[in-house]
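I opened this entry to look up the pocket, the ligand and the backbone. My notes follow the display.

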Amino acid sequence: MEKQQGATPDRMQDIISLCKRRGFIFPNSEIYGGLNAVFDYGPLGVEFKNNVKRAWWEAMTRQRDDVVGLDGGILMARRIWQASGHEEVFTDPMVDCTNCKKRFRADHVIEDFGDLSTCPNCGLKGTLTEPRQFNLMFKTYMGPVEEDAAMVYLRPETAQSIYVNFQNVQQSMRKRLPFGIAQIGKAFRNEISPGNFTYRTREFEQMEMQYFIPPEQEQQWFDYWRGQRWQWYLDLGMTESHIMWHTHDAKELAHYARQAVDVYYEFPFGFKEIEGVHDRTDWDLRRHTEYSGKDLSYFDDQEKLRYIPFIIETSVGADRSALAFLCDAYHEEEVEGEKRVVLRLHKRLAPVKVAVMPLSKKEPLVELAHNVHDSIRSVGMTQYDETGGAIGRRYRRQDEIGTPYCVTVDFQSLEDNQVTIRDRDSMAQRRVAIPELRGILAKELA
Ligand code: GAP
């Protein structure tokens with residue numbers, strides 16, 4: 001389990017500082033002192049996180065015939081959260097220190113310190129209250145009157161809108177089981193002890209897929225989706241020794257799960273969960289059938305069988321997996337006696353694919369560089385860097401944001417119609433003809 005806020009080691013501080021300095025992630029409401037556990041993605045962060053989400057969407061829907069997409073509302077009928085069990089049991093145990101007034105998650109304190117005898121903040125013995133259950137769902141009101149009947153929750157997971165749309169999707173898309181529904185969207189949890197930067201926040205995005213299956217295929221599909229999800233990280237360049245499986249024991253299993261495994265990533269603050277694969281049995285559709293009064297069973301017209309489908313869920317945080325990819329990509333190394341910080345992001349995840357830089361700010365070099373830039377825009381997100389300064393420093397700035405290729409336009413380019421491509425990882429440089437540049441980059445980035 002993660003440490004309480006404030007216990008982030010140095011490497012994490014380096015990454016947080018890079019994120020702020022280079023426009024990836026900013027504290028929310030910063031000029032007003034900040035809003036705890038909410039973050040804003042800057043110009044590079046939004047590109048990067050969109051690339052993570054795109055890679056997930058591509059693998060989970062576009063490359064498959066058996067999974068379709070959905071984009072459900074954040075607000076949903078309160079009854080949904082009663083049916084799902086969230087209103088009753090989506091709670092964490094909370095303790096308060098009567099001396100320093102700090103609040104902690106009781107299970108985190110026990111995990112880190114063995115028991116609840118001592119306050120982790122002020123160190124006094126016997127000052128923590130008895131644990132109390134705290135519901136994590138945010139509440140708001142629909143309409144002008146703030147009364148109980150108008151109360152709705154901000155969804156704490158995206159999964160439920162998939163379950164309540166199961167029949168809409170199955171019938172409109174004429175899907176036969178097994179098939180899945182995928183969704184990317186915001187979720188909200190009033191976490192008692194958020195922390196470790198974007199790892200545990202109160203507003204975040206989930207990428208969830210629910211796979212509907214005949215009950216007897218439960219184990220087969222659980223094992224299949226485990227394999228698929230592990231491979232996704234490897235395909236995007238994650239270091240395999242930095243991820244591991246964690247199997248939930250009976251105490252950890254959520255109320256809806258018969259079996260569950262998590263992918264853990266080795267963050268600078270330790271191995272922590274980034275994704276869960278859950279065997280949810282027929283819990284969800286059975287409960288929604290019961291609470292809504294609508295029959296959500298499925299009729300298999302080939303087998304002539306009616307049953308409530310089982311569900312295998314894969315659920316990953318977009319912010320949390322993005323943070324894992326960032327941590328995995330962050331490298332410091334020494335080049336010619338100087339420190340080089342480089343984000344070795346997979347090319348598909350890098351926010352900027354190519355930076356074009358004229359060697360000088362003078363004409364006619366600048367005009368040629370602009371033309372070169374325009375000619376390659378279609379290969380992906382590009383940047384035109386005319387900031388001046390030594391070319392080595394400009395390469396370093398691109399290394400720090402993970403740009404796979406820099407294209408340098410120099411005075412010789414005016415004569416031989418060639419430019420230099422510089423590779424982020426090897427730092428190797430090669431001259432290529434300008435008319436061939438777009439094709440070469442498109443191939444490298446494919
Ligand atoms: N529908 C199942 C579900 O929501 P979960 O284990 O509670 O399962 C799934 O959450 C994933 O959502 C986690 O593995 C994590 O990546 C992400 N997540 C959950 N709470 C989060 C938080 N407070 N901040 C950031 N990401 C979070």
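**Pocket**

I looked up the largest pocket first: its volume is about 1,600 Å³. A pocket here is an open set of points on a 1 Å grid over the protein atoms alone, where a 1.4 Å probe fits, with protein on both sides within 12 Å along at least five of seven lines. The volume is the space filled by probe spheres set on the points, which are joined across faces, edges and corners.

The model is predicted: local features need pLDDT of at least 70, side-chain atom pairs count only at pLDDT 80 or more, and totals for chains, interfaces and linings use all residues. Residues are numbered from 1 along each chain as its sequence is written, and side-chain values use heavy atoms, with hydrogens and water left out.

I then checked the lining, where a residue counts if it has an atom within 4 Å of a point. The largest pocket is lined by 50 residues, and D92, R105, H248, E252 and E273 are the closest to its centre. Elements that give two or more residues to this lining include α4 (86-89), β4 (91-96), α5 (106-113) and α10 (318-329). Helices (H or I, at least four residues) and strands (E, at least two) are DSSP runs, numbered from the N terminus. Which element gives the most to the lining? I find β13, with seven residues. By class I noted 17 nonpolar, 13 polar and 20 charged residues in the lining. Nonpolar covers Ala, Val, Leu, Ile, Met, Phe, Trp, Tyr, Cys and Pro; charged covers Asp, Glu, Lys and Arg; the others, Gly among them, are polar.

**Ligand**

The ligand sits in the largest pocket, meaning that more than half of its atoms lie within 2 Å of the pocket's grid points. Around the ligand I found 21 residues, each with a heavy atom within 4 Å of it. E157, T201, E208, E273 and E313 come nearest. This shell divides into six nonpolar, five polar and 10 charged residues.

Next I checked polar contacts (pairs of N or O atoms within 3.5 Å). A polar side-chain atom of E273 lies 2.5 Å from a ligand oxygen. Side-chain atoms of E191 and E313 each lie 2.8 Å from a ligand nitrogen. The protein buries 94% of the 560 Å² that the ligand exposes when taken alone (Shrake-Rupley method, 1.4 Å probe).

**Backbone**

Most peptide bonds are trans. I found a cis bond between L177 and P178, with omega about 0°. P178 is in the loop between α7 (166-172) and β9 (179-188). Another cis bond joins E363 and P364, with omega about 5°.

Conventions. Polar contact = N/O pair within 3.5 Å; in protein donor to acceptor, adjacent residues only side chain to side chain.
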